[in-house]
Number of protein chains: 2
Amino acid sequence: MGRTGVVRREPTGKKVREKLYSAAARIFAQKGYASATVHEIVEMAGVTKPALYYYFGSKEGVYKAILEKGFSDFGARMDAVDRMKGRASLRLRRLCQELFALSHEHLDAVRLMHSIFYGPPQGAPFFDFDRVLFRLHDIVRKIVRQGVRSGEFRGSPEAMTLAVLGACNECIDLELVHPEMGVDGAGFGRVIDVVLRGMEGKGGR
Amino acid sequence: MGRTGVVRREPTGKKVREKLYSAAARIFAQKGYASATVHEIVEMAGVTKPALYYYFGSKEGVYKAILEKGFSDFGARMDAVDRMKGRASLRLRRLCQELFALSHEHLDAVRLMHSIFYGPPQGAPFFDFDRVLFRLHDIVRKIVRQGVRSGEFRGSPEAMTLAVLGACNECIDLELVHPEMGVDGAGFGRVIDVVLRGMEGKGGR
């Protein structure tokens, strides 16, 4: 094979994995973990069954891989926000934009998470969704508190944390259930601005 | 039997129905519609199977009755807010409080709605959840627009509508998944206030 062969094979493997990811996320989200079959996943991905077993080992393996990948993308973006300097409102705005963009890139994975989080038990393998929830609450709360300390925000840090998260989740959830009612990036920015204005405490309340 | 007997029997029938409501909402929410059995529901309710069939006809009947009752309670509260006079911010605050109170009174029914809305198909009978969603968006948007027209609010009505709904839903959803992280009535009021301050447009942004 030689070096060139190896280089050529890499992107193909990556492509197959990505096809399997997308197909599995869609099928799991649509039918639920229990009802989804390996047959449907490989058929939608346009690959063979052995390819799924080679890359992921099993239906359980591809399920875990989707959630781990989503969590790892999410973590990387939160880390990047965590390293940012500057005004708390700018960092919060960036954090919200990252969440919004991430959810659009992985809409089926988000749908799958909602279905597992809120839905009935589907016999799906355990995944620690609380890691996602806690990480998100922690970083928002941390930036909010920094903003309060610097005098940028005024009010209850807990209330501001929930108002920010609510604005993000509302727009993301709307995209899941009624995409035609959803907002684009600019519209999303306006929703976040309503909350940030309320936090900046220039008003009288 | 006579008049007294009839009067005595009424509250008993109501009590049995209510026991069946609560038990069914809990079991449907925990196990999903498909896995829930009439046997489990009547056992948890502490009533007999014929009682369930008498009042609701079937598992499908009790499921529909739970959702219809929730929708009717919701509608009555929204109608009451719709009839309110006064400042838009006061009416929005009241609307949010009604939603928060309603979801606490029917937490299992809310969990069931989430599980059907976000979860995989469970073979549950059709229920028009969009009626709830649209009614809620419509009334919030209507009050927001009145507030914009009267000069009370400043900004994009659509953005403000989503920010208000996000604050409500965040607090309600948190109660579903992590009640220990949830907020009480006063804490909820502070979350809503963050958003209302942002809408009152006294700030500079």
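Predicted model: local features only at pLDDT ≥ 70, side-chain atom pairs only at ≥ 80, totals over all residues.
Chain A contains nine helices and zero strands. Two packed helices are described by the angle between their axes and by the distance between those axes.

**Chain A overall**

- In sequence order, the elements of chain A follow the pattern α-α-α-α-α-α-α-α-α.
- The C-alpha trace of chain A spans about 65 × 45 × 30 Å along its principal axes.
- Of the 205 residues in chain A, 53% are buried.
- Among contacts in chain A with a separation of 6 or more, 68% are between residues 24 or more positions apart.

**Helix α3 in chain A**

- Helix α3 of chain A covers residues 49–56, and its buried residues are A:A51, A:L52 and A:F56.

**Helix α3 in chain B**

- In chain B, helix α3 also has its residue range given as 49–56, and the buried residues there are B:A51, B:L52 and B:F56.
- Seen down the axis of α3(B), the buried residues fall within an arc of 100°, so they line one face of the helix.
- B:P50 and B:Y54 are exposed on the other side of α3(B).
- After α3(B) comes B:G57, with a positive phi near 85°.

**Packing of α4 with α5 in chain B**

- Helix α4 of chain B (residues 59–83) packs against helix α5 of chain B (residues 88–105) at an angle of about 165°, and the axes are 10 Å apart.
- An angle over 145 degrees counts as roughly antiparallel, and α4(B) and α5(B) are therefore roughly antiparallel to each other.
- The crossing of α4(B) past α5(B) is right-handed.
- From α4(B), the contact involves B:D73, B:F74, B:R77, B:M78 and B:V81.
- From α5(B), the contact involves B:R91, B:R94, B:L95, B:E98, B:L99, B:A101, B:L102 and B:E105.
- The residues in this contact of α4(B) with α5(B) divide into seven nonpolar, no polar and six charged.

**Packing of α4 with α6 in chain B**

- α4(B) also packs against helix α6 of chain B (residues 107–118), at an angle of about 110° and with the axes 10 Å apart.
- Angles of 65 to 115 degrees count as roughly perpendicular, and α4(B) and α6(B) are therefore roughly perpendicular to each other.
- B:Y63, B:I66 and B:L67 of α4(B) make this contact with B:A109, B:L112, B:M113 and B:I116 of α6(B).
- The contact of α4(B) with α6(B) consists of seven nonpolar residues, with no polar and no charged ones.

**Packing of α6 with α8 in chain A**

- Helix α6 of chain A (residues 107–118) and helix α8 of chain A (residues 157–177) pack at an angle of about 95°, with their axes 10 Å apart.
- α6(A) and α8(A) are therefore roughly perpendicular to each other.
- On the α6(A) side, A:L107, A:V110, A:R111 and A:H114 take part in the contact.
- On the α8(A) side, the residues are A:I172, A:D173, A:E175 and A:L176.
- The residues of the contact of α6(A) with α8(A) divide into four nonpolar, one polar and three charged.

**Residue B:M78**

- B:M78 belongs to helix α4 of chain B.
- B:M78 counts as buried because its relative accessibility is 0%, and the cut-off for buried is under 20%.
- Apart from neighbours within four places in sequence, B:M78 is in contact with B:L95, B:E98, B:L99, B:R135, B:L136 and B:I139.
- B:M78 and B:V140 are 62 residues apart in sequence, and their C-alpha atoms are 9.7 Å apart in space.

**Residue A:S72**

- A:S72 is located in helix α4 of chain A, which covers residues 59–83.
- With a relative accessibility of 44%, A:S72 counts as partly exposed.
- A:S72 and A:C168 are 96 residues apart along the chain, and 19 Å separates their C-alpha atoms.

Key: Residues numbered from 1 in each chain as written. Chains lettered and ligands numbered in written order. Heavy atoms only, no water. Buried < 20%, exposed > 50% of the residue type's maximum accessible area, 1.4 Å probe, protein only. Helix = DSSP H or I, 4+ residues; strand = E, 2+ residues; numbered from the N terminus. Axes fitted to C-alpha atoms, helices over the stretch in contact; angles between N-to-C directions. Parallel < 35°, antiparallel > 145°, perpendicular 65-115°, else oblique. Left-handed = near helix turned anticlockwise from the far one by under 90°. Contact = heavy atoms within 4.5 Å. Nonpolar A, V, L, I, M, F, W, Y, C, P; charged D, E, K, R; others polar. Arc of directions from axis to C-beta.
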